[in-house]
Amino acid sequence: MHHASDHAIARRPVGRLAAAIALLAALGMLLVAGPASAHGFSSTVYVEATATATGFRADLDLEYDLLVVSAAENEHDDAFFDDGMSLFETGSEAEALNAHTETVVDYVTERFTVSADGVACTPGLLGDLGAHERDGVPYAQLALRFACPGASGTEPVVAVRSTLFPDDEGYVTGTETILEYAFGDASGSAALNAGDPEFSTGQAPAEHLGEFFLLGAEHLLSGADHLLFLLALIVGSRRLRDVVLAATSFTIAHSVTFLLAAVGVVSVPASIVEPIIALSIAVVALVYLWQVRRQRGRALVAPTAPADRLGLTRTDRLRLAVVFGFGLIHGLGFAGALGIDEPWSWALLGSLLVFNVGIEAVQIAIILVVFPVLAAIRSRTPRAGLWAGVAVSAAVALMGLAWFVERLLGLG
C-alpha cells in the first residue's frame with residue numbers, strides 16, 4: 001500500500017527536474033539575448049517615396065556602417081571600407097559617402113527599385129549624400145529620382161521593391177524596410193522584408209495590413225528587452241489572474257504611447273527611452289524578489305496581506321502601477337522601432353493598430369505557454385518552484401541592470 005508521503009517523494013525528482021528545465025530555458029533566453037545593442041542582429045531601412053511630375057522620388061535612410069561593409073564588398077570597393085570606417089571614427093561619414101558615390105548608388109539601386117504599370121523606372125541620384133543620427137545610430141541619407149516615361153494614365157499602379165541588406169550577405173538577419181508613400185490618391189505606410197519584399201498600390205488592403213501584423217509579432221520576438229520584461233511579469237505572478245492584470249496594464253499603457261509617438265504627438269529621445277526600458281526589466285524582477293523575501297515565499301501561494309474586492313493587496317496595486325508606468329515607456333520603444341512619422345490618417349491608424357495586435361498576439365501566446373508550466377512546477381513542488389522563480393528573476397534583474405548601465409553610458 002502506498003502512502004501519500006510515498007507519492008510526494010516520487011514527485012520531488014520530477015518537480016526538481018521540471019524546475020531545472022525551466023531555469024535552464026530562462027537562462028538560455030538570456031544568453032541568446034546577449035547585449036541589447038542599438039544595432040542588434042537586424043536592420044531597418046526607412047524610405048519616404050512621393051510622386052513627381054516625371055516619376056517618383058525616394059529618400060532613403062540606411063544604417064551607415066552596414067551600408068559601408070555591404071556596398072564595399074558587393075561593389076568590390078575596398079577603399080570605401082577603409083575610408084568609411086576611418087571617417088566614421090571622426091564623425092565625417094558624409095565625406096566618405098560622397099567620395100564613393102558611385103559605389104553607394106550602384107549598391108542601393110540594384111536592390112531598391114520602383115516601377116509604374118509594370119515598367120521599371122530609371123534611377124538617378126539627387127544631390128549629395130548625407131549622414132545623420134537616428135535613434136543613436138549613424139544613418140546614411142540618399143535621395144533618388146525614378147524617371148518613369150512608360151507609365152500610362154494619371155494614376156499608374158506603382159510597385160516598390162526592396163531587397164537591401166539580404167540575409168545571405170551575412171551581416172544582419174531580417175532587414176525591414178519601412179515605406180511611407182504618397183502617390184497621388186494612394187498614401188500610407190508599408191513594411192517590406194525578405195518574405196514580402198514588394199509593395200504595390202494595386203494590392204488588397206488586407207494584404208498590406210497583414211505585413212504590419214507580422215512586423216509587430218517579429219518585433220516582440222526579436223526584442224530581448226521586451227521579452228525579459230514579460231518573463232519578469234510572468235514569474236512575479238501568483239495566479240493566472242495576476243499575470244492577466246499585469247499584462248493588461250502593460251498593454252493599455254504601451255498602446256497609448258505607441259500610437260501617440262508613432263503619429264508624432266509625443267517625442268522622447270531614444271537616449272532616454274532605452275535606458276529606462278532596461279531599468280524597467282530590473283525593477284519588475286526586483287519587486288518579485290523583494291516580495292519573496294518579505295513574505296518568505298508565501299506570496300507564491302496566497303497573499304498574506306489584506307486584499308480588496310478584486311483580491312489585490314497593496315503590493316499588488318503597487319506592482320500594477322509600476323507596470324503601467326513602465327508600459328508607457330515601452331510604447332515609446334515600440335514606436336521608435338517602427339520609425340513612422342507621417343501625419344495622422346485612417347490608413348496610418350489601421351497599420352499602427354495591426355502592428356500593435358501583432359505584438360499582443362505574441363505576448364498572449366508566451367503567457368499561455370510559460371505560465372501554466374511555471375504554475376505546474378509550483379503546484380507539484382512549491383520549494384523548487386520558488387527557487388526557480390528566484391533564480392530566473394535574479395538573472396533577469398542582473399541583465400536589466402547591465403543593459404541600463406550600458407545604455408546610460410552610450411555603450412550599447
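**Briefing: strand pairing and helix packing**

Strand β8 (residues 158-162) and β11 run antiparallel and are joined by three bridges, where two strands pair if DSSP finds at least two bridges between them. This is a predicted model in which local features need pLDDT of at least 70 and side-chain atom pairs count only at pLDDT 80 or more, whereas totals for chains, interfaces and linings use all residues. Residues are numbered from 1 along each chain as its sequence is written, and side-chain values use heavy atoms, with hydrogens and water left out. Helices (H or I, at least four residues) and strands (E, at least two) are DSSP runs, numbered from the N terminus.

**The open sheet and its neighbouring helix**

- Four strands make up an open sheet in the order β4-β3-β8-β11, with antiparallel pairing.
- The edges are taken by β4 (119-120) and β11 (198-200), each of which has a single partner strand, so one side of each is left without a neighbour in the sheet.
- Helix α5 (residues 101-111) lies across β3 (112-116) and β8, and runs at about 50° to β3; axes are lines fitted to C-alpha atoms, for helices over the stretch in contact, and angles run from 0 to 180 degrees between N-to-C directions.

**The β6-β7 hairpin**

- Strand β6 (residues 130-134) pairs with strand β7 (residues 137-147) in the antiparallel sense over five bridges, and E133 stands opposite P138 in β7.
- Two residues lie between β6 and β7 in this hairpin, and D135 in the turn has a positive phi of about 55°.

**Helix pair α2 and α3**

- Helix α2 (residues 64-74) packs with helix α3 (residues 78-88) at an angle of about 165°, their axes being 8 Å apart, which makes α2 roughly antiparallel to α3 (a term for angles over 145 degrees).
- The contact (heavy atoms within 4.5 Å) brings Y64, D65, L67, V68, V69, A71 and A72 in α2 against D78, F80, F81, G84, M85 and F88 in α3.
- The residues of this contact of α2 with α3 comprise 10 nonpolar, one polar and two charged; Ala, Val, Leu, Ile, Met, Phe, Trp, Tyr, Cys and Pro count as nonpolar, Asp, Glu, Lys and Arg as charged, and the others, Gly among them, as polar.

**Helix pair α7 and α12**

- Helix α7 (residues 224-235) and helix α12 (residues 382-408) pack at an angle of about 145°, with their axes 10 Å apart.
- On the α7 side the contact is made by A224, D225, L228, L231, A232 and V235, and on the α12 side by G389, V392, S393, V396, M399, W403 and R407.
- By class, the contact of α7 with α12 has nine nonpolar, two polar and two charged residues.

Note on methods:
Parallel < 35°, antiparallel > 145°, perpendicular 65-115°, else oblique.
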